[in-house]
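Open the model in your viewer and get your selection tool ready.

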Amino acid sequence: MRINEILKNKRTLSFETFPPKKGYDDLDKTKAVLAELKKLNPDFISVTYGAMGSNSKGNVDIASFLKNELNIEALAHLTGGPSSYEDVDNVCKQLKENNIDNILTLRGDKPIDYSAEYCKTFKHATDLMDYINSKYDFNLVGACYPEGHNESDSLYEDLKYMKLKEEKGATFFITQVFFDNEYYYRLVNEARKIGIKSPIIPGIMPLTSPKSISKTKILCGSTIPLNYRNMLEFYKDKPKSFKELGYNYAVYQIMDLLAKGAPGIHLYVMNNVETAKEVFKRLENVIDEYF
C-alpha cells in the first residue's frame, strides 16, 4: 500500500531503522528488533541505506521482511549520490519483486573526501526522482530540512528544491531531526506560502547518551535549544537520568507537535527497541486519542 493513502485517513506513527551493519551475520538480530517494533503498531517503518549509501542489499532484505512477513508498510531509502543507473535499476527491480511500493529518494550526504565522482549520475534527489519515474511506478517520498539543508544559502533557497520535489512526485515529506519545534512550524508555514501542499511529517530523535549528541550534530547540524543543552550537560555523567531526560524531551516535542496539527510522527529510533518502548510508554494515552 502507498503510505500517502494512509495519510489521507489518519495521523501516522513510524520508525526509522537501518539494515544489518555486518551483513547477514546480524540479519536475525535486526529481524528480532523489527518484530518487537511491530508490537507498537507503527503505520510504516523506513529503512536506511547505511552510511554513504552502503548496504543496499540489506536495505531490500529488511524492507521485504517488513512488508511480506510482518505486514508493515516499508519505506525503502534510495540514495542517488553514490549510485549509477545500473545500481538504481537493480534496487528498483528488487523492490518491485518484493512488493515494496514506497521509496524515500535522497541524494545522500557527501563524504568528507567528496569528489565530483560521488554525484556523477544523480547530482540531486530530483534527478533520482526523474529517473525512477521514467521507468518505474513507485510512491516517492522526499526529505526536508527544518533549519535548511547545510549546503543551501538559506531556508528559502532550500524550499525551492522542496517545491521541486513535490512537482517531481513526492507525495509527502519527512523532516531531518530537529530539537526546536519552532523550526518545524516555520518550515511548514513557509512551505505552504509557496504552494507546497503535501503532508510534512516531523522527525524526532530521543537523545539517550552523550555520544548521540555529537553524532547527531555532525550528521544533521541540528540546533539544540539552550535550556535542553544545559540539562544534557548537567546529566551527562548520570546515564539513567540522561536517558530519562531524552525520553521526556522527545515526548514534550511530540505532544506539542500533535497539539499544533502535525500529520504524523516519525521516530528515529535506529534499531533501539528500548527507546521506542520508553517513548511510547509515556505516550500511551496520547496515542490512543490521536492515532
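At what angle do helix H9 and H10 pack, and how far apart are their axes? Select residues 226-234 for H9 and 239-259 for H10. In this predicted model, the two helices pack at an angle of about 160 degrees, with axes 9 Å apart. An angle over 145 degrees counts as roughly antiparallel, so H9 is roughly antiparallel to H10. The crossing of H9 past H10 is left-handed.

Now show the side chains between them. From H9, pick Tyr228, Met231 and Leu232; they meet Phe242, Leu245, Gly246 and Tyr249 of H10. Sorted by class, this contact has six nonpolar residues, one polar and no charged ones.

Next, move to helix H6 (residues 155-167) and helix H7 (residues 181-193). Their axes come within 11 Å and cross at roughly 60 degrees, so H6 and H7 are oblique to each other. Here the crossing of H6 past H7 is right-handed.

Which residues meet at this crossing? Leu155, Tyr156, Leu159 and Met162 on the H6 side meet Arg186, Leu187, Glu190 and Ala191 on the H7 side. This contact has six nonpolar and two charged residues, with no polar ones.

Stay on H7 for the last stop. Its 13 residues reach 19 Å from first C-alpha to last, close to the 18 Å expected. Colour its buried residues: Asn181, Tyr184, Tyr185, Leu187, Val188, Glu190 and Ala191.

Notes:
Residues numbered from 1 in each chain as written. Predicted model: local features only at pLDDT ≥ 70, side-chain atom pairs only at ≥ 80, totals over all residues. Heavy atoms only, no water. Axes fitted to C-alpha atoms, helices over the stretch in contact; angles between N-to-C directions. Helix = DSSP H or I, 4+ residues; strand = E, 2+ residues; numbered from the N terminus. Parallel < 35°, antiparallel > 145°, perpendicular 65-115°, else oblique. Left-handed = near helix turned anticlockwise from the far one by under 90°. Contact = heavy atoms within 4.5 Å. Nonpolar A, V, L, I, M, F, W, Y, C, P; charged D, E, K, R; others polar. Expected span 1.5 Å × (residues − 1). Buried < 20%, exposed > 50% of the residue type's maximum accessible area, 1.4 Å probe, protein only.
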